[in-house]
Every structure is written in C-alpha cells, then in structure tokens.
Amino acid sequence: MRGVVQGGLIVAFADRALGSLALETTLTENMSTVQLNMSFVMPLRVGDFLIARPRVVRRTASLVFADTDLTADDHMIATATGVFKILARTPSAARRIEVLDNIGIPCR
C-alpha cells in the first residue's frame with residue numbers, strides 16, 4: 001500500500017541473510033533463529049533493490065551472533081541483529097571443521 005514494502009518482508013529478508021551467513025560460517029545444515037531485532041530507519045519503496053551485508057559479531061560452540069545493515073540506493077533502510085542456535089552438525093560438517101582446525105583456522 002502507498003508504494004511501501006511491508007516491514008515483515010524486510011524482517012524475513014534480514015533473518016534469511018543473517019541465518020545464511022551463520023550456516024556458512026559454522027558449516028552446519030541445521031540452525032534456528034533464537035532472537036532477531038530490527039530497527040527501521042526509513043521506508044523501502046516497492047521496486048527498490050534491498051542489500052544486506054551481514055557479518056558475524058561473535059561465535060560460540062552453540063550460538064552465532066550476527067548483524068547487518070539493510071540499504072537501498074545507499075540509504076539506510078534498517079539494521080538487524082540476530083542470535084542463531086546450531087541445532088545439529090552433519091558428519092561432513094564435523095569433518096570440515098576438523099580439517100579447518102588442523103590448518104589453523106579457529107572454528108569452535
């Protein structure tokens with residue numbers, strides 16, 4: 001309505017961006033959002049290209065903390081922070097972590 005994207009769609013986009021980074025960082029296949037915080041700065045117009053640049057802030061053995069700015073045309077639309085719980089590691093993911101540990105990349 002009125003050419004503005006509904007906020008829930010932006011929240012879903014942020015959750016997907018942060019969660020995808022958390023999965024990639026931990027080399028796991030199963031994760032859940034524990035907490036997601038959004039702050040809206042200005043409206044996103046229908047047709048604008050929304051960009052997320054997520055980053056991991058902290059990682060523990062079972063949790064990933066991440067944040068992102070959401071921008072369109074170099075304008076800040078919103079910010080998001082999230083906490084993600086690692087639910088299960090696959091055998092292949094566990095093996096990849098072992099390999100990364102052996103070459104000196106901290107993974108735990």
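Strands here are DSSP runs of E with at least two residues, helices are runs of H or I with at least four, and both are numbered from the N terminus. Two strands count as paired if DSSP finds at least two bridges between them.

Some background. This is a predicted model, where local features need pLDDT of at least 70, side-chain atom pairs count only at pLDDT 80 or more, and totals for chains, interfaces and linings use all residues. Residues are numbered from 1 along each chain as its sequence is written, and side-chain values use heavy atoms, with hydrogens and water left out.

The protein has two helices and five strands, in the order α-β-β-β-β-β-α along the sequence.

Back to β4. Val56 has Ala66 in β4 as its bridge partner, and a hairpin of three residues connects β3 to β4. Strand β2 (residues 51-52) also pairs with β4, antiparallel, over two bridges; there, Ile51 is partnered by Thr71 of β4. Then comes β5 (residues 75-88), antiparallel to β4 and joined to β4 by ten bridges. Ala72 stands opposite His75 in β5. The hairpin of β4 and β5 has two residues between the strands, and Asp73 in that hairpin takes a positive phi near 50 degrees.

How much of β4 is buried? Seven of the ten residues of β4 (residues 63-72) are, so the strand is largely enclosed by the rest of the structure. Buried means under 20% relative accessible area, with a 1.4 Å probe and protein chains only. Across the protein, buried residues make up 31% of the 108 residues.

Conventions
Buried means under 20% relative accessible area, exposed over 50%, partly exposed in between (1.4 Å probe, protein chains only).
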